Amino acid sequence: MSSQEVTQFNLIFAVFSVLFVLQFALRQFLLPVLPFMPSPSSSLVTAAGLAGTFSVAGVAVMVSVLTYAARVPLRWLYFAAVTLAVWGGVVAGLVYPDYYYSAPWITVALLLVALSLASMALALRSLSVIEIIAMLPFVAAQAISLISYVLNVLEEYMGFAIGQSLILPYITLYMAVAGALTSLAMSFIAFRPRPGVMARYAVAAALAFGISFPLYSLTANNVMMQHIMDMVFALGLGILTTPTSVPLISALMGVYAFSIVSLLANPSDGHRYMYDGALMAVLMATAVGSRALAISFASVIAASVSVYYARGRLSGNVGKAYY
Amino acid sequence: MLKKPNFKGNWLVYIAIALVVVMGAVYVVEPVALAQAPSGIVAYKITGNANLSNPGSENFWNKIPYYNASLVPNLSQQLLPLLANVPTSGETPYVMVKAAWNGTDIIILLQWPDRYGPSLVGADSVSGPGHWPVVYNPNGPLNVTFLNELTSAFHRSYFMINSSYAVIKGSPRPMEYVLAYVAPKYGVYFYGYYVNVSEGHYYPDRAAIMWYMGSEQSPSDCMNIGGPHPGYTIPGPLGQLVKSYLGTNVEQYTGGSLSSGAANIWEWISGATYQNGSDFNYFTNSTWDLSQGISTQAAEQFSSSPHGFFVNLMTNQTGLYDIGDGGIWYPNATGPEPGYFSGYTGAKYSNGMWTVEFVRPLAATMPDTINITPGQTYNIALATWIGKAGETSWDKSISANFIPLTVSTSGPPSPPPIPYAVIAVAAIGIIVSAVAVGLVFYSAGRRE
């Protein structure tokens, strides 16, 4: 594999990551949260909405490009499925607005779910045992979400009375706790006692404290703010929990911020942890999001095949066989 | 010296970025619906009518599965091993939903657990107990000076329970913004709604379905925290305190308004719109109805043939409104409307569960209400209140996001002729096979 191809893939992945984070921060998190701010300006809300819309359209482009660029097994199947689901759906919506509950489209959605699970399995296969353990909470959250979605489709659209009484209160909270601890462990594994690395970790810690402490102070002894932030976490992050556990979530937010920033800023093993961190973020963000959009499944596939490709490439095992 | 960019080598990157810019700009200028996936609740076309005397018993429901909607539990300890010293609670972790339509009406069946038993007490705005918030200071005595400023600014009185707890007599809705953002700085914290079951001070059970009517692709179902009206200026010394802390004493939103677009809310209230509720008879009295701004035609029809019904509310970016009455619950958005009682409900409480059926003509029966067309998908949100647990107003359980509800033009799918377990195993098998195929390719790749 040429260095040019490596550079190209890294650039594509970077564009995807930036757009994904932007659409999550602006569209999924900030827009529902802004009304809870004491005095949000309407121009800020409008700007955030437009930037979020731009980002989600960009992610829709990049999922196809990434699955094409990542030389992985079945890449043409991934590429075709992602492109069909994301852009075929847009075209279908223009000519037949009811397409999304027609039998062919239900089949496409189920195929996309199956490919999401397959791509996650491939991504895990490329990780070390420690990394797999660290990733398990995210994978579990995503798997539960996907299975729940399949059960819903089978019941609502195909009449299978499987009995989807899948009541999992607070499952996302438990996953968030476990995920925070394991992502923290992963960031420690990646740590190297070098001045540059230490400086980056210090910046990550400062950022984490800056996010976590004000939120904790705001909610520690304020039942109403707990109530408000409880809804913010549910709406913005999909974490269903009780108001009394909101201070705990505030601390977790800091742990996540520290772990992901330190991983993304860590160049010690090439882009190894950057890809892991990105996969974590995508799995968590899409696991708790609405399943009404094909882009959720496509993002999981794009991030997973990227990790598989990048990790295989770094270890020298994967690449030319799949050109 | 700068290195010359290698366009040829990075052609895919440049094409990708160009596509991102073009498609992003297209979506910003003229949003096109993103690709959807089948999801949410389906209202199937059925033959038959609702049996509101025994909701949920109709044969057509047997062919339609329940959709299980998780709710956001507010102010509750529930399953977590964490301390929660709050008397009010978000007691409903889920609500089960079925939907159908019969050519003229849409029928929605809700079922949810209520371990406190049915509350039949009337609503605050009719004759029920007042919405009294409890405020407290977890760190010591209440700041009575601030409490006096707060209650006098909003024309409320209060009584102390002890040195750290007080009950404000009157709805906290106008002061919610101050309670949320300012009062804690001065040692006054919202605790919950006052409940005293033995004295009958609790609230009706309620269930609501919110129908989004705006154009946002990913709207939020959450309501704003605010004041009595948009741009409300907090007066007097309290206003000065707020300004010194937040930089302004003007509240941008009305409490209960929606962040974008408008929505129609169907609300069933056990104490008022249910035949067994304490305040139901107020509505069967046409004289009282007329005094409340309900249309003469609607009042006379209803008093001659009373039935369970639901109230129509409308929320938009300016506030939360009643539709078709003179403002029983909130300010009125319309004048009297003959369709005021056009939403029917049937309800029953058994085995610890409320079952409530909502029925309404597909076509909108009043202004600012949802017009339902077969073949379309709507965003709905769900909410429940357990009155005996102190839930009322903003203390409730809600679905965290809007849930798509598709009004299908076909009937319920036929149950498959083979056992469900076999099909479930087959479906799982297909998924496992897909994973296995991926792994085989992977292994083959490594060997090469």
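**View 1. A:Tyr96 sits in a loop of chain A.** A:Tyr96 lies between helix H3 (75-95) and helix H4 (103-125) of chain A, in the loop. Helices here are DSSP runs of H or I with at least four residues, strands are E runs of at least two, and both are numbered from the N terminus. This is a predicted model: local features need pLDDT of at least 70, side-chain atom pairs count only at pLDDT 80 or more, and totals for chains, interfaces and linings use all residues. Residues are numbered from 1 along each chain as its sequence is written, chains are lettered from A and ligands numbered from 1 in written order, and side-chain values use heavy atoms, without hydrogens and water. A:Tyr96 is partly exposed, at 45% relative accessible area (buried is under 20%, exposed over 50%, partly exposed in between; 1.4 Å probe, protein chains only).

**View 2. Chain A is built from helices.** Chain A has 11 helices and zero strands. Of its 323 residues, 59% are buried. Residues 24 or more positions apart account for 75% of the chain A contacts with a separation of 6 or more (contact: heavy atoms within 4.5 Å).

**View 3. B:Asn224 is a buried loop residue.** B:Asn224 lies in the chain B loop between strand S9 (206-212) and strand S10 (232-233). Its relative accessibility is 1%, so B:Asn224 counts as buried. A polar atom of the B:Asn224 side chain lies 3.5 Å from the backbone oxygen of B:Leu258.

Technical notes:
Polar contact = N/O pair within 3.5 Å; in protein donor to acceptor, adjacent residues only side chain to side chain.
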